Amino acid sequence: STSMIWDMIRPTNSSFTFTPTATFKINDFVDLSFSSTSSNKVLLRYVQQFVSDYSWYSLPDISGEENIFIDLFDSFAFWDTSLRENSGFKLDSLTVSLDHDLHDWTLKSSFKVAPRIITDVADGEAYYYDFSPYFTISVAWNPMSSLDTVIQDEYGEFSLNP
């Protein structure tokens, strides 16, 4: 799934979120999903040449790759750290989820890792990434879609939700 937010007043506040997901269905009762979420907050970089050519105001020059597809590919360049660091797409989270169908109930669990930058207040310079995991589990009842009931008494037959 993808989503894009474009701020017409302040285009530097625009963002793009990209979430690829792979789901494996195991024997019609278990779904195992893997997903990662990346966000890009420098969308103006890709249209800055167009805006500068066709508008009366000038934009600040935003350095980096100006093709969004090449930039997305560079964000997965695990063999070259400089390409990954210069890419506008940054990793927000990695998620593994498991859904188990129990007929009337559904068991859902997920394991999510989201990097968070921690700055040491004492030094002011030292920082590191915290990868604290989040684990959720829930059991949900699947409501019945309808009831089909026939009631008979001495006055005749009564149907509920025929």
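Mentor: What follows goes from the overall fold to single residues.

Mentor: This is a predicted model, in which local features need pLDDT of at least 70 and side-chain atom pairs count only at pLDDT 80 or more, while totals for chains, interfaces and linings use all residues. Residues are numbered from 1 along each chain as its sequence is written, and side-chain values use heavy atoms, with hydrogens and water left out.

Trainee: How many helices and strands does the protein chain have?

Mentor: Helices (H or I, at least four residues) and strands (E, at least two) are DSSP runs, numbered from the N terminus. The protein chain has three helices and 11 strands. Along the sequence they come in the order β-β-β-β-α-α-α-β-β-β-β-β-β-β.

Trainee: What share of the protein chain counts as buried?

Mentor: Buried means under 20% relative accessible area, exposed over 50%, and partly exposed in between (1.4 Å probe, protein chains only). Of the 162 residues, 24% are buried.

Trainee: Which strands does S4 pair with?

Mentor: Two strands pair if DSSP finds at least two bridges between them. Strand S2 (residues 15-18) runs antiparallel to S4, with three bridges; here threonine 17 has serine 39 as its bridge partner. Strand S3 (residues 21-26) is also antiparallel to S4, with six bridges, and isoleucine 26 is partnered by valine 30.

Trainee: Why is S4 described as largely enclosed?

Mentor: Eight of the 11 residues of S4 (residues 30-40) are buried, so the rest of the structure largely encloses this strand.

Trainee: What lies between S3 and S4?

Mentor: S3 and S4 form a hairpin with three residues between them, and asparagine 27 in the turn has a positive phi of about 55°. Aspartate 28 sits in the loop between S3 and S4. Its phi is near 60°, a positive value in a residue other than glycine. Aspartate 28 is exposed, at 64% relative accessible area.

Trainee: Where is histidine 103?

Mentor: Histidine 103 is in the loop between S5 and strand S6 (105-113). It is not a glycine, yet has a positive phi of about 65°. With a relative accessibility of 70%, histidine 103 counts as exposed.

Trainee: Which residues make up the largest nonpolar core?

Mentor: In soluble globular proteins, nonpolar side chains tend to be buried together. A nonpolar core is a set of buried Ala, Val, Leu, Ile, Met, Phe, Trp, Tyr and Cys residues joined through side-chain atoms within 4.5 Å. The largest one here has five residues: Phe16, Leu43, Tyr46, Leu72 and Phe89.

Trainee: What is tyrosine 46 in contact with?

Mentor: Contact means heavy atoms within 4.5 Å. Leaving aside neighbours within four places in sequence, the contacts of tyrosine 46 include Asn40, Glu65, Asp71 and Phe89.

Trainee: What is the volume of the largest pocket?

Mentor: On a 1 Å grid over the protein atoms alone, a pocket is an open set of points where a 1.4 Å probe fits, with protein on both sides within 12 Å along at least five of seven lines; lining residues have an atom within 4 Å of a point. Grid points are joined across faces, edges and corners, and a volume is the space filled by probe spheres set on the points. The largest pocket has a volume of about 690 Å³. Of its 21 lining residues, the closest to the centre are Arg84, Phe89, Lys90, Leu91 and Pro115. S5 gives the largest share of the lining, five residues.
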